[in-house]
Amino acid sequence: MDNHQKRNLTFLTIGLIFMLSGIEYAVILPTIWRYLQILEAPPYFLGLGLSAFSLSALLTGPLFGFWSDRSKTTKSIILFSNLFEIAGNFMYFIGQSKWLLLSSRLVAGVGAGAGSSIFGFLTRSTQLEERASIFAAIMACRQVGLLVGPVFNLFLRLCDFKLGPFVVNKYTSPGIFMCLLWMLLQCVVLVMYWDVPPVSSEGGAVMLEMKQERADEEEVPLIGSDEEILHTYSAVDSNQLGISTSSDREPIRGGSAVADPFGNFSASREFLREEVVVLLTAQFITLFNQTALETMVTPLTQRYFSFGELGNSLMYSLCGVEVILGFFFVRWLSRKVADRAVLAVGLLICCAACIWCLIFLCNPRGGYGWQLTAFIIGVFLQLLGLPFVAVSQVSLFSKVTAEKTQGFSQGVRRSVGGLATILGPLWAGGLISNLYIMLGMMLALLVMITVMTALSYDRLTEPRAVQHAQSSDSGG
């Protein structure tokens, strides 16, 4: 099997991993509240249970990313992290107490932290021009999981039997079901996942690490080739970093500094640059708004439209279809349009959606039909902008941060998103009865990131494009 076939099978396996994460969310979310009530948990345990998963992923993401950057492998990391998913879901199945249930989500969240390693691997294994489309396809896989998850719930809710000393019912069955799925995925990863050689940032098929290790083994003097080493180490140039070229070209003694991806790494230099701050802010604001809206939608449909479980399930299914189609549209669009343009369009759509909701949903007027139409348009616009922003900011982030420390950088990015998914529901949950304040704050955040994007638009591009533009200007 050649590297191209291995690469495709590996990407397929990554898609399955993300799809399972979507299925897990979709099968556990509808039943966890009633499950906690049976275990006599106070109401605030629902927020704790939902936030625990994000908290674990937030804390472990950079650690898994650091591990993958050091080891240059992801397969072993995925196999290890999946053990936490298996253990966490089995603990959820056992139940017994509210504290065990809370602990189960904490443990399962550790497994989700490996996503940073996966995004780092995808960055190293894709060329710049294809990266956004592959990211879009992978993200769509999670939405597919969210869409098919409720279908599994139709069968899981019928469970009513004993498995040894354990009771299997509609509340505990999601745990054992996901435990089995993650165990099956372990077998898939063992058979179909390879740590394929990464492509270089120049688009070739030569593995950067192999080239550097070969230079180390042959004891080639490194001082004379500092410029080449600097170029291959980082996906950004010295002009973008805002530091002098001479400081970057310090002599490197021995091969250990080259082999160590963090040998010349500075967190402040990496993450406090203008373009990186803009993209991390976009990550936080979009996820904060998304989770806040997810929190408020169900109470709104109950208050204004008297939706029950069936109505909400149908609504979420239609939303899932729209988001999946949106991701595949962005996948096609990203091959023809620059990432920063896709990001700008997405932010404008999100702003329009928030303005619509402020006008028509905070104080709804008219009859049932008009209110329902206004609600559908608001939700449609919110979901329409999501794929544009999600794909473009992930793709851009991978291009403006150092290639050799992508695992750690993606871990930081996902931790910022994890913090947003914790704070978003807390913000919305306390302001369900005061939508003007809730949506007004969300619109203010969107306007802020839109202005930041406009001011930093010239810097939101891959470094090679910047260098080409600069050379063209100097040549003219």
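This is a predicted model: local features need pLDDT of at least 70, side-chain atom pairs count only at pLDDT 80 or more; totals for chains, interfaces and linings use all residues.
With a relative accessibility of 7%, D339 counts as buried. Setting aside residues up to four places away in sequence, D339 touches A132, S392, S395, L396 and K399.

Next comes R7, found in helix α1 (residues 3-38). R7 has a relative accessible area of 16%, and because the cut-off for buried is under 20%, R7 is buried too. Once neighbours within four places in sequence are left out, the contacts of R7 are S125, T126, E130, I134 and V196.

R7 and D195 are 188 residues apart along the chain, yet their C-alpha atoms are separated by 8.4 Å.

## Helix α5, enclosed by its surroundings

Now for helix α5, residues 115-124. Here 10 of the 10 residues are buried, so α5 is largely enclosed by the rest of the structure. The buried residues run through G115, S116, S117, I118 and F119, and on through G120, F121, L122, T123 and R124.

One of the elements that α5 packs with is α2 (residues 44-71), at an angle of about 40° and with the two axes 7 Å apart. That angle makes α2 oblique to α5. On the α2 side, the meeting residues are G61, F64, G65, S68 and D69, while α5 brings S116, S117 and R124. Sorted by class, this contact has 1 nonpolar, 5 polar and 2 charged residues.

## A look at the cavities

Rolling a probe the size of a water molecule over the atoms shows where empty space is left. In this model, there are 5 cavities of 30 Å³ or more. The second largest cavity holds about 60 Å³ of space.

Which residues line the second largest cavity? Its lining is made of L300, Y304, F305, F360, L361, P364, Q371 and F375. Two elements, α14 (274-305) and α17 (368-400), each give two or more residues to this lining. The largest share, 3 residues, comes from α14. By class, the lining of the second largest cavity has 7 nonpolar residues, 1 polar and no charged.

How values were computed
Residues are numbered from 1 along each chain as its sequence is written. Side-chain values use heavy atoms; hydrogens and water are left out. Axes are lines fitted to C-alpha atoms, for helices over the stretch in contact, and angles run from 0 to 180 degrees between N-to-C directions. Helices (H or I, at least four residues) and strands (E, at least two) are DSSP runs, numbered from the N terminus. Angles under 35 degrees count as roughly parallel, over 145 as roughly antiparallel, 65 to 115 as roughly perpendicular and the rest as oblique. Contact means heavy atoms within 4.5 Å. Ala, Val, Leu, Ile, Met, Phe, Trp, Tyr, Cys and Pro count as nonpolar, Asp, Glu, Lys and Arg as charged, and the others, Gly among them, as polar. Buried means under 20% relative accessible area, exposed over 50%, partly exposed in between (1.4 Å probe, protein chains only). On a 1 Å grid over the protein atoms alone, a cavity is a set of points where a 1.4 Å probe fits but cannot get out, and a pocket is an open set with protein on both sides within 12 Å along at least five of seven lines; lining residues have an atom within 4 Å of a point. Grid points are joined across faces, edges and corners, and a volume is the space filled by probe spheres set on the points.
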